[in-house]
Amino acid sequence: MAIGEFSNPPQLSDLKDFRFESDDIKDLKHCKPGDCEIQMPASAIDEVHRLVNWSDPNAEEQVDQLLQEKVIDRVMAYQHGGNDVLGIYNDKKNPTQVPEQFKYMLSYSKALPKYLPDFYNYLLSYPGGRPENVEDSFYWAKVKFGLKPTLRVIHVVTLHGKNSAEPAYTIAEKQLYSSHYFQTVLDLTFCVRDVSDPSGTGFYLIKTMGSEQAGLTGFKGSILRKVATDRSASSLQKSLAAIKNNLEHQP
């Protein structure tokens, strides 16, 4: 629905279209720690109630400005302090420790420690220990893969393979924030050389998607989970098909 890249260093102007939906802002008005429709730390929920004048006709603009300022602060803090500053979501009864969720989810990727140990370690130790052949970038997006439009902030880590034994490219898309559904997300893309191709230009494009969610249980939760996962898979299929089509029809 919308997308934008962060400058280096991040600027508020990078987020001019990063805005909550009106329904989300209405929900925020009644949010409290442990009972909120938006994924947020308790401190952010308290700030919304303390700093926004809800009787003002411009209350929505105040919320969006506060949101954008908090996102810039969070991205810059993460760039200096890494996973530990990702914090805690207090929107549900049981708080979510985002750094611990990410470590747990990264443990799914059994191949990374074996074949790409430096890349694996960097995902855990960022911003320390950056390999020479790695680049970092950041973007935000508004997407609709569930029932509600969702704001997301993503850290992209791109590894350029140094030799034929490594993938030509390995790309990790690590979620730093999501307003709905997914507490933590790690999508991995591998561009693997086809060593059997005599032309030396063949390759395989492999994509894996991982996420941790909360509250998607029971009748309503099962419906939300199915919508979110089905749309995620459908979007991935369309993306891969488009990449394949573009490559095969290049002059």
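**Salt bridges and their surroundings**

Analyst: The side chains of Lys148 and Glu37 meet in a salt bridge, 3.4 Å from N to O; the term denotes a side-chain nitrogen of Lys or Arg within 4 Å of a carboxyl oxygen of Asp or Glu. This is a predicted model, in which local features need pLDDT of at least 70 and side-chain atom pairs count only at pLDDT 80 or more, while totals for chains, interfaces and linings use all residues. Residues are numbered from 1 along each chain as its sequence is written, and side-chain values use heavy atoms, with hydrogens and water left out.

User: How many residues apart in sequence are the parts that the pair of Lys148 and Glu37 ties together?

Analyst: Helices (H or I, at least four residues) and strands (E, at least two) are DSSP runs numbered from the N terminus. The salt bridge joins Lys148 to Glu37. Lys148 lies in the loop between strand E4 (134–143) and strand E5 (150–160) and Glu37 in the loop between H1 and H2, so the parts tied together are apart in sequence by 111 residues.

User: Is Glu173, the salt-bridge partner of Lys207, buried or exposed?

Analyst: The closest N and O atoms of Lys207 and Glu173 are 3.2 Å apart. Lys207 lies in strand E8 and Glu173 in strand E6, so this pair links parts 34 residues apart in sequence. Buried means under 20% relative accessible area, exposed over 50%, and partly exposed in between, with a 1.4 Å probe and protein chains only. Lys207, at 27%, is partly exposed, whereas Glu173, at 18%, is buried.

User: What separates Glu100 and Lys103 in helix H4?

Analyst: Glu100 and Lys103 form a salt bridge whose closest N and O atoms are 3.8 Å apart. Glu100 is partly exposed at 46% relative accessible area, and Lys103 is partly exposed at 38%. An α-helix has 3.6 residues a turn, so residues three or four places apart point the same way. Within helix H4 (residues 98–106) these two residues are three apart, a separation of about one helical turn.

User: Which strand and helix each supply at least two residues of the nonpolar patch?

Analyst: The patch is made by Phe203, Leu205, Ile243 and Leu247, with an area of about 310 Å². Patches are made of residues with over 30% relative accessible area and no salt bridge, like charges being joined within 9 Å and nonpolar side chains (Val, Leu, Ile, Met, Phe, Trp, Tyr) within 5 Å. Phe203 has a relative accessible area of 38%. The two suppliers are strand E8 (203–213) and helix H7 (218–248).

User: Which residue does a cis peptide bond join to Asn8?

Analyst: The bond has an omega of about 5°.

Definitions and conventions:
Areas by Shrake-Rupley, 256 points an atom, 1.4 Å probe, with all protein chains shown as cover.
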